[in-house]
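Hi there,

Here is the structure I promised to pass on. Have a look at it first, and then read my notes below.

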Amino acid sequence: MSRIAYVNGRYLPFRDAKVHIEDRGYQFGDGVYEVCEVRNGLLIDQRRHLARLARSLDELRIRIGYGLLYLQVTRGVARRDHAFPAPEVPPSLVVTARSLNHSRNEALAAKGIAVVSAPDNRWGRVDIKTIGLLPNVLARQAAIEQGARDAWFVDKDGNVTEGASTNAWIVTQDGKVVTRRPDRAILRGITREVLFEAVQAQDLAIDERTFTLKEAYAAREAFVTAATQIVLPVVSIDGHAIGDGKPGPIATALRRAFHLFAEAG
């Protein structure tokens, strides 16, 4: 697909898309974003993504009146100053799209991924989907340099919060599906929300609670969820094999069932 970007009212070839040097998103991380899967030409879970975008904008007090699919919105262009601009300036909106390699993603899911743990050094409102992702970038890069694909953040109490770009899940030895409850320490992932329906449809017990890294090492299965990857089995955490070191049946079944519950529009 040829790449077109929407930037503040204009559709442009991707290579020509530009933003102002004083856009607050690029100077302060003062913006939010969304990522939607596109499947068979349809946006998956658009309603949920837009609802989360609206919440994030409301939390940052960015007012916007566009009636489109939003992917990245910043507070706009203003003279550099940490305080909100006075008077208000129009928010900046950027929308882009790209194709995903479905067969590569399926191969990755069939093999499973490795993750490593990292101290959670992010700010205290990661429930807002802001564009300030430097700790996530550094954690993900550290994971890659260790031969893993993702990093799982661990808080000061030794509990897993979430992945650098995913939500984290385990399956306990007695078959319960566990993920952290949606407090301010994690982002309420849209894929995470949809997966609850898939879990319930398979008559699996689900438990929203904290879990420790040690508990994750001993899990029967582990997996991550994200809009770009749906459900990816985790077969290793910090070098510890999870289960038999292969993608587990529950994660595999949930990946297969996901689009039966997701909204396409």
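Predicted model: local features only at pLDDT ≥ 70, side-chain atom pairs only at ≥ 80, totals over all residues.

Residues are numbered from 1 along each chain as its sequence is written, and side-chain values use heavy atoms, with hydrogens and water left out.

Let's start with the sheet. Five strands form an open, antiparallel sheet in the order S2-S1-S7-S6-S3 (strands are DSSP runs of E with at least two residues, helices runs of H or I with at least four, numbered from the N terminus; two strands pair if DSSP finds at least two bridges between them). Its edges are S2 (10-13) and S3 (31-33). Inside the sheet, S6 (residues 72-74) and S7 (residues 92-96) are joined by three bridges, and Val73 has Leu93 as its bridge partner in S7.

Next, the nonpolar cores (sets of buried Ala, Val, Leu, Ile, Met, Phe, Trp, Tyr and Cys residues joined through side-chain atoms within 4.5 Å; buried means under 20% relative accessible area, exposed over 50% and partly exposed in between, with a 1.4 Å probe and protein chains only). The largest has 19 residues, and those touching the most other members include Trp152, Phe211 and Val234. Strand S15 gives the most to this core, three residues. Val234 itself is in contact (heavy atoms within 4.5 Å) with residues including Ile113, Trp152 and Ile242. A second, separate core has 17 residues, among them Trp169 and Ile250.

The whole structure holds 22 salt bridges (a side-chain nitrogen of Lys or Arg within 4 Å of a carboxyl oxygen of Asp or Glu). One of them joins Arg48 and Glu263, at 3.5 Å from N to O. Arg48 lies in helix H2 and Glu263 in the segment after helix H7 (249-257), so this pair ties together parts 215 residues apart in sequence. Arg48 is buried at 15%, whereas Glu263 is partly exposed at 27%. By contrast, Lys156 and Asp157 pair at 3.7 Å, with Lys156 exposed at 79% and Asp157 exposed at 55%.

Lastly, Asn105 sits in helix H3 (residues 102-111) and is buried, at 10% relative accessible area. Beyond its sequence neighbours within four places, its contacts include Leu100, Thr228 and Arg255.

Best wishes
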